[in-house]
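Colleague: I am new to reading models like this one. Could we go through it by question and answer?

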Amino acid sequence: MRVLDRLTARGWTHVLLPNQVPELPELLSALGIDTRFQAVINSAASGYEKPHPQAFRLEQAAAGPAHRLLMIGDNPQADAAGARRAGIDDIWVRRDQHTDTLDLATAARILLAPGPVPNARRPALHEVPLLQPTAPEVLPIR
């Protein structure tokens, strides 16, 4: 939640595009994180699972006009490759099959890095390294 809040404070809006169960909106509400997303485009409701191009078109429509649209996901095919095929920049956050720990703080640092990406060139796929389970929080909230 701190990563989402930090990015929101820096002007980013968030659209969630999961391949999930129909009960996802209720689960997000119960966790208290539903208000952190501008929209949730759930495959169970839309009928389109990633990497289907229509799933990403629905995401783009929900995000509205943006200077930059970026997909952050843990699946190299459904999230990263699917986004690239739809013309969306992506960050692949790897998963350790033993701890299943995501390093979203590193993804946020990539997003908040100074220096704009030239419009004529899409950046290369970023592979975010694993976060060690014992590592301290690396994205301080100011």
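Modeller: Helices (H or I, at least four residues) and strands (E, at least two) are DSSP runs, numbered from the N terminus. This is a predicted model, where local features need pLDDT of at least 70, side-chain atom pairs count only at pLDDT 80 or more, and totals for chains, interfaces and linings use all residues. Residues are numbered from 1 along each chain as its sequence is written, and side-chain values use heavy atoms, with hydrogens and water left out.

Colleague: In what order do the elements of the protein chain run from the N terminus on?

Modeller: The protein chain has six helices and five strands. From the N terminus on, their order is α-β-α-β-α-α-β-α-β-α-β.

Colleague: Which residues of helix α1 are buried?

Modeller: Buried means under 20% relative accessible area, exposed over 50%, partly exposed in between (1.4 Å probe, protein chains only). Helix α1 covers residues 2–9, and its buried residues are V3, L4, R6 and L7.

Colleague: Where is P51, and what is its peptide bond from K50?

Modeller: P51 sits in the loop between α3 (43–46) and α4 (53–63). Omega for the bond from K50 to P51 is near 15 degrees, and the bond is cis.

Colleague: How many salt bridges does a search of the whole structure find?

Modeller: Side chains of opposite charge can pair when their charged atoms come close. A salt bridge is a side-chain nitrogen of Lys or Arg within 4 Å of a carboxyl oxygen of Asp or Glu. For the whole structure, the search finds three.

Colleague: How many residues apart are D5 and R36?

Modeller: Their side chains meet in a salt bridge, at 2.7 Å from N to O. D5 is in helix α1 and R36 in the loop between α2 (24–31) and β2 (39–40), so the pair links distant parts of the chain, 31 residues apart.

Colleague: What does the salt bridge of D79 with K50 tie together?

Modeller: The closest N and O atoms of D79 and K50 are 2.6 Å apart. D79 lies in helix α5 (residues 76–85) and K50 in the loop between α3 and α4, so the pair ties together parts that are 29 residues apart in sequence.

Colleague: Over which residues is the pLDDT below 50 or under 50?

Modeller: pLDDT is the predictor's confidence in each residue, from 0 to 100. The mean for the protein chain is 76, and 73% of its residues reach 70 or more. The pLDDT is below 50 over residues 116–126, and stays under 50 over residues 128–142.

Methods
Contact means heavy atoms within 4.5 Å.
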